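Please view the sequence and the model first, and then read the sections below.

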Amino acid sequence: MTAKPLTLQIPFHRADVGEDEVKAVSDVIRSGWLTMGARTFEFERQFARYVGASHAIAVSSCTAALHLALEAVGVSRGDEVLVPTTTFTATAEVVTYLGARPVLVDIDALTLNLDPADMERKITPRTKAVIPVHMAGMPCDMKEILEISGRHKVRVIEDAAHALPASYQGKKIGSISELTAFSFYATKTLTTGEGGMITTESEDHARRLQVMRLHGIARDAWKRYSAEGSWFYEVLESGFKYNLTDMQSALGLVQLARCDEMNLVREEISRRYTAAFKPLEAVEVPPSLSDRSTSWHLYVLRLNLDRLRIDRNKFIQELAARGVSTSVHFIPLHLQPVYQRDYQYKPGDLPVAEREYHRSISLPIYSGMRDDEIEYVIWAVADVVSTWSR
Ligand SMILES: Cc1ncc(COP(=O)(O)O)c(C=O)c1O
C-alpha cells in the first residue's frame with residue numbers, strides 16, 4: 001500500500017467547459033437570436049457527419065428524443081415496449097407518455113446491457129419496439145438485437161444517452177439502427193447543459209421529427225420572426241415544445257469539436273483505473289470487448305462481495321470518508337415504487353440486474369480530471385479494499 005496522499009475532495013462529475021464555450025454562447029446572446037436557428041441547424045449538420053448518420057434532429061433532452069422516436073414509429077395505447085430494467089427512468093417513462101406499457105428485460109452480467117435472450121423471451125404479439133440502452137457507453141449486442149427484432153417485426157430505438165462517441169463492429173453508435181437518441185445533459189460526454197439529438201437514416205422520420213419537436217408546425221416556421229420569414233404558418237399535427245436553443249447549440253458545437261480529444265482523456269483514465277484495480281481480488285473491472293469501443297461515460301467498478309467484509313453502500317461511505325464522491329447506475333426500474341405499483345414488478349423479477357446493482361459503484365471519470373485526482377481515486381479504492389478485504 002502506498003502512503004496516504006494529501007486528502008483531496010473529488011466530485012463525481014465536473015463539466016469540462018472553458019472559455020471557447022463561454023465565447024460561443026456569448027456570441028449568440030449578443031446576436032439577438034436566442035432560440036432555435038442557424039447555430040442549431042449547424043450543430044445538427046456537424047453531429048450527423050460526426051456519427052455518420054444521414055439526419056440529426058436537435059431536441060431539448062434525450063427524454064424528448066426518445067418520446068419523439070417512439071411517436072415516429074407509431075407506438076400507441078396498448079402496445080408494449082421492451083426496456084432494460086438497468087436504466088434511468090426516462091427510458092421507460094416515455095413509453096407511458098404514449099399510453100403503452102414498458103416491459104422490463106433483464107441484463108447481461110458482462111456488459112450490464114439488455115440481454116438479447118431475455119428480450120426474445122419477453123416478446124408478445126403486442127410488442128412494438130425495443131429500446132436497447134448502451135450502459136455507461138458500452139454498446140449493446142446490436143447484431144443479436146437487430147436479428148431478433150427483425151424476425152419479430154419489432155422496431156429498434158437506441159438509447160445512446162451515454163454512448164457518444166462509441167462504436168460497434170466498425171460503425172459509430174448513431175448510424176446503426178432506425179433511430180438513436182443522445183443526451184447532452186450536464187454530466188454527459190458532450191454537454192449543452194440540457195439537450196438531446198435524434199439520428200436517423202430515414203428522410204420520412206427526419207421530416208416528422210422536425211415537425212413534432214416544434215408544436216407540429218410545418219418546417220421552417222422558426223424563420224417567421226426573421227427577415228426572410230413570413231407571418232404565415234400551418235399546424236400539421238398536435239406536436240410538442242421540444243426544440244433546442246441556439247445558445248445550447250453554440251455550446252454543443254464547441255463541445256463536438258472537442259469530442260474526440262475529451263474521449264481520449266476518459267480512455268486514458270479508464271486504462272489507469274483498470275491497470276490499478278485488475279490485480280485486486282475484491283473488485284472487478286469493466287469488460288473490454290474487441291468488436292466495440294465505449295465512450296467511458298461511466299466507469300462501473302463491481303465488488304466481489306464475498307471477498308469483502310462490507311457491502312456496496314458501506315464501500316461508498318468509505319470512499320466518501322476519503323473525499324471521493326461516487327454514484328450507482330442504476331437502481332433497477334423493477335425496484336422503483338412506480339413500476340411496482342403500475343406493473344406489479346417485485347424484487348427478484350430480474351435477478352441478474354438486481355445482483356449486479358448490489359455490487360456496482362460508478363467512479364469519477366471526466367475529461368477535466370487532473371492527474372493528482374486520478375491517482376487519488378486509485379489510492380482511495382485500493383485503501384478501502386485493503387482495509388476491508390477478507
Ligand atoms: C440511459 C439514459 N437514458 C435517458 C436519459 C435522459 O436524458 P436527458 O436528461 O437528456 O433527458 C438518461 C439521463 O441521465 C440516461 O442515463
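## Terms and basis

Helices (H or I, at least four residues) and strands (E, at least two) are DSSP runs, numbered from the N terminus. The model is predicted, and local features need pLDDT of at least 70, side-chain atom pairs count only at pLDDT 80 or more, while totals for chains, interfaces and linings use all residues. Residues are numbered from 1 along each chain as its sequence is written, and side-chain values use heavy atoms, with hydrogens and water left out.

## Threonine 111

Threonine 111 belongs to the loop between strand S3 (101–105) and helix H5 (116–121). With a relative accessible area of 8%, threonine 111 is buried (under 20%, with a 1.4 Å probe and protein chains only). A polar atom of the threonine 111 side chain lies 3.1 Å from the backbone nitrogen of asparagine 113.

## The ligand and its surroundings

There are 16 residues around the ligand, and Thr63, Asp159, His162, Ser183 and Lys188 come nearest; a residue counts if one of its heavy atoms lies within 4 Å of the molecule. By class, this shell has 7 nonpolar, 7 polar and 2 charged residues, where Asp, Glu, Lys and Arg count as charged, Ala, Val, Leu, Ile, Met, Phe, Trp, Tyr, Cys and Pro as nonpolar, and the others, Gly among them, as polar.

An N or O atom in the side chain of threonine 63 is 2.5 Å from an oxygen atom of the ligand. For a polar side-chain atom of lysine 188, the distance to a ligand oxygen atom is 2.7 Å. Helix H3 (62–72) and helix H4 (89–97) are the elements that give two or more residues to the shell around the ligand.

Terms used: A polar contact is a pair of N or O atoms within 3.5 Å; within protein, one must be able to donate a hydrogen and the other to accept it, and residues adjacent in sequence count only if both atoms are side-chain atoms. Buried means under 20% relative accessible area, exposed over 50%, partly exposed in between (1.4 Å probe, protein chains only).
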